[in-house]
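The sequence and structure are shown first.

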Amino acid sequence: MKRIFIYLTVFGIVAGSSSCDKGFEEVNKNPVQATSVDPVYLFSNAQFGSAIATQNYQLQIVQQINTPYTGVLEGGNHNALSDPNSNANFNSLYLQNGPVNLLTTVLAKTKDDPARSNLYNMARIWRAYVFMVLVDTYGDVPYFEAGKAFLEGINLPKYDDQKVIYDDILKELEEGTKALDATKAIETGDLFYKGNISQWKKLGNSLLLRAAMRFSKVDVAKAQTYVTKATDPANGGLLSANSDNAYIAFNSTFNHPLANYFQGTERGNVYLGHAFVDYLKTTADPRLRVISVKYETPGNPIATAGAEDTTPANQEGMPYGYNESTITGAPGFPGKIGSAFKYSQINRRTAGKIDAPEFFITWSQTQLLLAEAVVRGWATGDAKALYESAVKAHMAQMATYDVAATIAPAAQDAYIVANPYTPARALEQINTQYWISSFLNGSEGWANFRRSGFPTLPVNTYPGKDPSVKDFIRRLVYPVREKSVNQVNYNEAVARMGADELGTPVFWDK
């Protein structure tokens, strides 16, 4: 067979012919391009990509962050539909190079490789975490066929029943955690623990506890069964110190996903929520001083923001139910400085830093869930001791943001004395502290708020809210593109789950 070759020279194009292609593949092979990737790098990228911005809905629904503006910032502040903001979790986690695709590939590459069994099981655990976020946010989502476009040519994955997904999440967490083996290869490319198996077992069990507690209103027997499995010390235990916290440490090159929101172009438009600031003020919480600040010129960059007032008594959170025009009529309106409002903002030197860590699951959260399980009779232990330890753990965790956010042990103890654990109010106290411990962890804070009903927040009465929202937003709607690109599977999911509306609850939110 005669082959025609075209050669590009400095003088022009020269055509020639040859009857063979000897050495063709070798000549055209890039000597420096990688032909394979160690799956641990895919795994670490999946961990890094799991940190996503949740400010426009989740953090506003639980009233920790607020902005009065319509348009590009609208969402949970007005209980309104906004596709660019509601699709953030879906698009980020299902992104071509996002966690779902990366973790699915890691599983495929390591499933039959005994030498990488720890990586395989770590990926099972973290994929379960990612899908908890997706189900908790949207309900039915692509699961069993997700991430298989390259592997199996599935470009339009089916949506699976959220209850079935959660059952598989429980299975994956239980099996993956038990299968971790410290005698096998340690995956040091892991961003959380450098492959430490003991800590990964704690993480897997703590996520299993979190998943089990999601069933507290819909299947008590299942909740109790999996709480028992998660808390069985023979399985490796739960997170037991702040050093066990699973988080991503950002830096000046790789910024926190909320960095622009707090430090960039939107800095003068973002405030702390009234309910959050008011609760911390009312209880004389030492965390308020390190989280909240009033800047002399709120809209300016930190270098020119002027005086920084962190005095707790002076902090004022922005109330909900207003837009940029009607907020001037809110009770106690503090006024404006230029185009910005005089409400409290997140401290840009601590929790609002560009290199602030992103926490996924913490010792504090885990102890609070365990305390609730004890109160419900699903686990053994001292609920009061667990509660107090959890509160102090989160206060100590604040130092991870910056040394300036350190809360002294004496201040932690004083708070516990001033706000004692009361058995009659145990569930309210435990879950209100969970709300605080999940500050800036919007997906988890919102999920536990729906599950537990605490804290007791004022209903957002904004007059332009979506009519499907009766009190609080129960789920986010699917991206608009799913309705057209993956229409058949989208329609099937909606028919099974209920209307694709903000007011339709996920299965465990009854």
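## Second largest pocket

The lining of the second largest pocket consists of 7 nonpolar, 1 polar and 8 charged residues. In this classification Ala, Val, Leu, Ile, Met, Phe, Trp, Tyr, Cys and Pro are nonpolar, Asp, Glu, Lys and Arg are charged, and the others, Gly among them, are polar. The lining has 16 residues, and those nearest the centre of the pocket are Leu107, Tyr120, Arg127, Lys148 and Glu172. At least two lining residues come from each of H6, helix H7 (117–138), H8 and helix H9 (162–179). H7 gives the most, with 4 residues. Helices (H or I, at least four residues) and strands (E, at least two) are DSSP runs, numbered from the N terminus.

The volume of this second largest pocket is about 400 Å³. A pocket is an open set of points on a 1 Å grid over the protein atoms alone, with protein on both sides within 12 Å along at least five of seven lines; a cavity is a set of points where a 1.4 Å probe fits but cannot get out; lining residues have an atom within 4 Å of a point. Grid points are joined across faces, edges and corners, and a volume is the space filled by probe spheres set on the points.

## Model and confidence

The model is predicted: local features need pLDDT of at least 70, side-chain atom pairs count only at pLDDT 80 or more, and totals for chains, interfaces and linings use all residues. Residues are numbered from 1 along each chain as its sequence is written, and side-chain values use heavy atoms, with hydrogens and water left out.

The average pLDDT (the predictor's confidence in each residue, from 0 to 100) is 93 for the protein, and 93% of the residues score at least 70. Residues 1–19 have a pLDDT below 50, and this stretch makes 25 contacts in the model beyond near neighbours in sequence. Contact means heavy atoms within 4.5 Å. Where pLDDT is low, the predicted coordinates should not be read in detail.

## Largest pocket

The largest pocket has a volume of about 780 Å³. Its lining comprises 28 residues, with Leu95, Gln96, Asn101, Gly147 and Ala149 nearest the centre. Helix H6 (99–110), helix H8 (149–152) and H20 are the elements that give two or more residues to this lining. H6 gives the most, with 5 residues. By class, the lining of the largest pocket holds 16 nonpolar, 7 polar and 5 charged residues.

## Cavities

There are 6 cavities of 30 Å³ or more. The largest cavity has a volume of about 100 Å³. It is lined by 16 residues, and Phe359, Tyr401, Phe439, Leu440 and Asn441 lie nearest its centre. Strand E13 (358–361) and helix H16 (383–397) each supply at least two residues of this lining, which by class has 7 nonpolar, 8 polar and 1 charged.

## The sheet E9-E8-E12

Three strands form an open, antiparallel sheet in the order E9-E8-E12. Strand E9 (308–309) and strand E12 (345–346) are the edge strands, each pairing on one side only. Two strands pair if DSSP finds at least two bridges between them. Strand E8 (residues 292–295) is joined to E9 by 2 bridges, in which Lys294 partners Asp309 and Tyr295 partners Glu308. Another 2 bridges join E8 to E12, and Ser292 has Ile346 as its bridge partner there.

In a regular strand the side chains alternate between the two faces of the sheet. Both faces of E8 are covered, with Ser292 and Lys294 buried on one side and Val293 and Tyr295 buried on the other. Buried means under 20% relative accessible area, exposed over 50%, and partly exposed in between (1.4 Å probe, protein chains only).

## Two buried loop residues

Thr67 lies in the loop between strand E3 (65–66) and helix H4 (83–86). Thr67 is buried, with a relative accessible area of 0%. Not counting residues up to four places away in sequence, Thr67 touches Gln60, Leu73, Asn77, Tyr261, Asn269 and Met318.

Val477 is in the loop between helix H19 (442–452) and helix H20 (480–485). The relative accessible area of Val477 is 9%, so this residue counts as buried. Leaving out residues up to four places away in sequence, Val477 touches Leu81, Ser86, Tyr138, Asp500, Glu501 and Leu502. Val477 and Thr504 are 27 residues apart in sequence, with a C-alpha to C-alpha distance of 9.2 Å.
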